[in-house]
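Please keep the sequence and the structure in view while reading.

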Amino acid sequence: MAARGKSRQRVEPSFDEGYGYDEEELRLDEDDRIIGSHAGKRASKVKGRPAASRRAKKAARARRSFAPLRRLVYWCIVLGIWAGIGVGGLVLYYGAQMPAASTWSIPDRPPNIKIVSTDGSVIANRGATGGEALSLEEMSPFIPQAVMAIEDRRFYMHFGVDPLGLTRAFVNNLTGQPIQGGSTITQQLAKNLFLSPERTFERKIQEVLLAFWLEHKFSKDQILAMYLNRVFFGSNAYGVEAASRRYFNKSAREVNLGEAALLAGLLKAPSRLSPARDPEAAEERAQVVLHAMQEEGYITEDEIKSAMSQPPAKARSYWSGAEHYAADMVMDEVTKLLGEVKLDIVVETTIDLSLERKAEEVLTTALDGDGAKQNASQAALVSMDATGAIRALVGGKDYAQSQFNRAVTAKRQPGSAFKPFVYAAALEAGIRPDSIRSDAPVRIGKWTPENYDQKYRGDVTVSSALAQSLNTIAAQLVMEVGPEEVVSLAHRMGIEQEMQPNASIALGTSEVPLVELTAAYAPLMNGGYKATPHIVRRILDTDGNVLHESSYDNPPRVLSEAVVATMNGMLTRAVQDGTGKAARLEDWQVAGKTGTTQSFRDALFVGYTSIMTTGIWFGNDDGTSMKKVTGGGLPAKAWKEYMSEALAGYSPTPLFGSHGSYELPPAATEPAQEPTTIGDIISGVFHGGSGRDRYPDAPAAPTQDQAFPPDDIAPRDYREYRGPYDDHAAAPVPPADIGGGPVPPAEIGVAGGRYEPRQTTLYDLIMGQ
């Protein structure tokens, strides 16, 4: 029990200093301890405890400092997984809303209509795109390089979506240097082809899916070509060809480095950066593109310097140039011939582009010069060959300011330019060039026509009356022949507009388009055959297959040879010593007629040589009067200047009938003339007045054989045409100075001598002579 009561406290021996032992002298081995090695180990642990504790504390502190980062990484991974699941779900959802991929197809590019001139030069491209599609090999190599450098540098490396590009775009946006967007060219093409421009998450997902499909379906070159031929470049130009012609007036095949950089720069903001709107901004953006091209190794520093040294592009504010009036007419004709155009086509026209530009230059110069002084603000021109093929057409002063075609659409009074149809109808009725009529005041109903100078010349020949454009004689002839006959002949010769068959038609009061009036003169030039005005020669598809070909090889005869020959002589005199003197050409025989409407609202000259017929009109759109502009003024002068250029390279040849081998139908009985009395003089009314409001009935129309002899004269093509008389071996060649020499007789082509009546004097009237 005592033992149990003992304390369990272990008593360790102690050594006092008094015993003489040094504590350093005492050593105990592990074997001396009762507990042996276990005690040693425990002692070792006790001895090393402070160092281990410090390490643990240090590790704990480190764990505590990195805990937020570990938690951030952890949650980022978690959120990333959930985000991936969410995006995947959205992709699956929106992808399910799209049609099956097997039904996807590239929508057809809107058809382009390429309009070319006689020499193959492009006049215009029409259609929704404004230009034809080109392959990469056809377009300038600078264009795809510039576009890739600024829009998608890794185009040939990515699979439709470029993660590096997206990252680079994100960083550039943060740093304020947005060199290029994050969307690839494939994504942009997918958006342009299939999607709306709205910015939504759904559209972006669909864009990515479509980009993957495009990359799987087409090669990189095909994708790039489709993109360049469809992307919007501003100013209603879709595709590089349309943009190149819009801004540089050249094909994308011919674009240089600086121009390619400008086009590529437009893709960022086509409307804002358009050189037609802000040339400086467009040029600055082009320089950014050039440096991007250098960074990608497409060009060198020297090439950049060379491109920057070139003058900046000066784009037109709108499609400009008179050729666009012709292009508008082409589009109207193509629609009538083919209906709706559903594929790319090439329209070969009859337009001679050099003549087109000369015509525009002549009219612009006239309007800016004398036209401005005489209050003439607009002009129009139509020029055609013997078949009616239109070689030049100008519908107004400036297409960019007004697209209204005054040569085709506008209907204006022709004035005295209509008189040739009156006189041709009179010739068919048996009236001769040397028939006498009295130039005196005439009253027809309540209408009393007056001459331009308000003077009267007494008895004159019909030929002289046409040359001097006497209104009183024309009115008499209309009533003798019959207004219906005059209208019928005008329709037969080419005027399609409805006209009122009344006496005033003698002075050209019925409105007609300039193109129809000009075409109606062409039969006088080609020997009496109808000249149907046309501007389309052939229509082909892009493979060269002919879809339509115009043929005017066998036109109907509308005037007899004798009438044509006689009219040519009379209208030649109208130019030589009549109202059209300003239109005379050196070495060429010219025939034509002036026209001036009431209050000088319209002034015209329509004239022709053996090669070409041209009509020119001056006036104002609002019908305001010009300052005494007559057909023998501005129009005749402009006609001479244009025709001098149009006839360059041709050998001068006379008009049809100059050899005088044709006979007119038998002469009609001349209407009886009442003697002029003192009462007529006092009342101011000569023959046709004094209550004489009616004229004899029009004589019977000539027989079919008289009016239409056999069709033995074939028309020639424009570049070969020299007049039907060339087939006559005995046809004389006029002297080199024809046009400036003696005036041919008024009764050319008719047997008999020349008759020159003297003027009726007041003495003659008093004496009753």
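This is a predicted model: local features need pLDDT of at least 70, side-chain atom pairs count only at pLDDT 80 or more; totals for chains, interfaces and linings use all residues.

1. Overall composition. The chain has 769 residues, of which 49% count as buried. Its secondary structure comprises 23 helices and twelve strands. The accessible surface of the chain is about 38,100 Å², and carbon and sulfur atoms account for 52% of that surface.

2. The nonpolar cores. The largest nonpolar core contains 118 residues. Within this core, the residues with the most contacts are Phe421, Tyr423, Met567, Phe618 and Tyr642. Beyond its neighbours within four places in sequence, Tyr423 touches Val462, Ala465, Leu466, Leu470, Ile473, Ala474, Leu477, Met567 and Met570.

3. Helix 9. How many of the ten residues of helix 9 are buried? Ten of the ten residues, at positions 257-266, are buried, so helix 9 is largely enclosed by the rest of the structure. These buried residues include Leu257, Glu259 and Ala261. The elements that cover them include helix 3 (142-151), helix 8 (240-248), helix 10 (279-295) and helix 11 (301-309). The N-terminal end of helix 9 is capped by Asn256, which has a side-chain oxygen 3.2 Å from the backbone nitrogen of Gly258.

4. A buried residue in a loop. Asn451 is located in the loop between strand 6 (436-439) and strand 7 (458-461). Is Asn451 buried or exposed? Asn451 counts as buried because its relative accessibility is 4%, and the cut-off for buried is under 20%. A polar atom of the Asn451 side chain lies 3.4 Å from the backbone nitrogen of Thr472. Leaving aside neighbours within four places in sequence, the contacts of Asn451 are Asp439, Tyr456, Arg457, Leu470, Asn471 and Thr472.

5. A nonpolar patch on the surface. Leu69, Leu72, Val73, Ile77, Ile81, Trp82 and Ile85 form a nonpolar surface patch, and together they have about 730 Å² of accessible area. One of these residues, Ile77, belongs to helix 2 (residues 37-97).

Technical notes
Residues are numbered from 1 along each chain as its sequence is written. Side-chain values use heavy atoms; hydrogens and water are left out. Helices (H or I, at least four residues) and strands (E, at least two) are DSSP runs, numbered from the N terminus. Buried means under 20% relative accessible area, exposed over 50%, partly exposed in between (1.4 Å probe, protein chains only). Accessible areas come from the Shrake-Rupley method with a 1.4 Å probe; for residues, only the protein chains shown count as cover. A nonpolar core is a set of buried Ala, Val, Leu, Ile, Met, Phe, Trp, Tyr and Cys residues joined through side-chain atoms within 4.5 Å. Contact means heavy atoms within 4.5 Å. Patches are made of residues with over 30% relative accessible area and no salt bridge: like charges are joined within 9 Å, nonpolar side chains (Val, Leu, Ile, Met, Phe, Trp, Tyr) within 5 Å. A salt bridge is a side-chain nitrogen of Lys or Arg within 4 Å of a carboxyl oxygen of Asp or Glu. A polar contact is a pair of N or O atoms within 3.5 Å; within protein, one must be able to donate a hydrogen and the other to accept it, and residues adjacent in sequence count only if both atoms are side-chain atoms.
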